[in-house]
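Please keep the structure in view while reading.

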Amino acid sequence: MKTIGLLGGMSWESTQTYYALINREVKKRLGGLHSAKIIMVSVDFAEIEALQVANDWDGASRLLSRAAQQLEAGGADCVAICTNTMHEVFDQISASVAIPCIHIGDALGQHAVALQYQSLGLLGTQFTMERPFLKDWLSEHYNIDVVVPEIDGRNDVHQIIYRELCLGEINPKSRDRFIEVMHYLMEKDVDGIVLGCTEIGLLIDQSMIDAPVLDTTSLHAHYLVDFSLSNNERIALAEC
C-alpha cells in the first residue's frame, strides 16, 4: 500500500470527508482492520482565500508548493490537492515535487468517460466555474464539454460555498437554491451534474435531483485509493 499525501484545509470541512472516504474504501477493499496510509498537511484556508481574492495565484502556488514538499519529505508517494479551486495552480505544485500529483479532473474525467458522458454541468466556486483550469482539463484530456450556470446562479453558488459550507453551516434555503441551479443545468441537456467544489457534497446528494450527480470529493478519494493499492503508478499521471 502506497502512502497518500493529502494537501488539505481548503476547507477542513471537506478535508475530513476525504480522510473518512479514503479509509472506508480501503477497509471495504481489504477488510479486517485495514486502514489507509495517509500523510496530511493542512493549510490555513484564510491565507489561501485572501490570495484568491487578491488574484495572487503565484503566491498561492508558492504556499501550496511548500506544503506539497512537506508531504514529499514526510514520505508520501503522491500529492492530492483536496479542493477543486486550487487545481488552478496544479502545474506549479506538481513541478515542485518529484512524486506524482493526482489531478481531481482525472478522477472525474475517467469516471465520466466510463459512463459515456459527453457534456457535464459544473457547480463550484466562481473560480472553478469561470476560470478555464478544470473545464479545459476535461475538454483536452477527455473530450467533455462543460456547461456552467448563468451569472446569478454562479454568484449564489459561490456565496453559499464560502459563507456557509466552508464554515460548516447547512441551510435548507441554500439547498433549495442549489437544486434550482441544478435544474437550470439539466435544461441544457447535460449528461450529469458535477459537484465541483469539495464542500458541495455536505449539502447536496443524488437523492435530491433526477440527473446523475458526480461528486468530485468522492471520485477523487476513490481514485486515490486506486493509486494506493495499485502496483502501477500510471494511474496518477495526467495524459498529455
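A contact means heavy atoms within 4.5 Å. Among the contacts in the protein with a separation of 6 or more, 74% are accounted for by residues 24 or more positions apart. The model is predicted: local features need pLDDT of at least 70 and side-chain atom pairs count only at pLDDT 80 or more, whereas totals for chains, interfaces and linings use all residues. Residues are numbered from 1 along each chain as its sequence is written, and side-chain values use heavy atoms, with hydrogens and water left out.

The protein has 10 helices and 7 strands; these are DSSP runs numbered from the N terminus, helices being H or I of at least four residues and strands E of at least two. Its radius of gyration is 17 Å, close to the 18 Å that the globule rule gives for 240 residues, so the protein is as compact as a globular protein of that length. The radius is taken over C-alpha atoms, and the rule is 2.2 Å times the number of residues to the power 0.38.

Of the 240 residues, 53% are buried, that is, under 20% relative accessible area with a 1.4 Å probe, protein chains only. The largest nonpolar core has 79 residues, and L7, L64 and L123 have the most contacts inside it. Such a core is a set of buried Ala, Val, Leu, Ile, Met, Phe, Trp, Tyr and Cys residues joined through side-chain atoms within 4.5 Å. Helix α3 (residues 57-73) gives this core its largest share, 7 residues. Leaving aside residues up to four places away in sequence, L64 touches L7, M10, V43, I48, M86, V89 and I93.

Conventions: Buried < 20%, exposed > 50% of the residue type's maximum accessible area, 1.4 Å probe, protein only.
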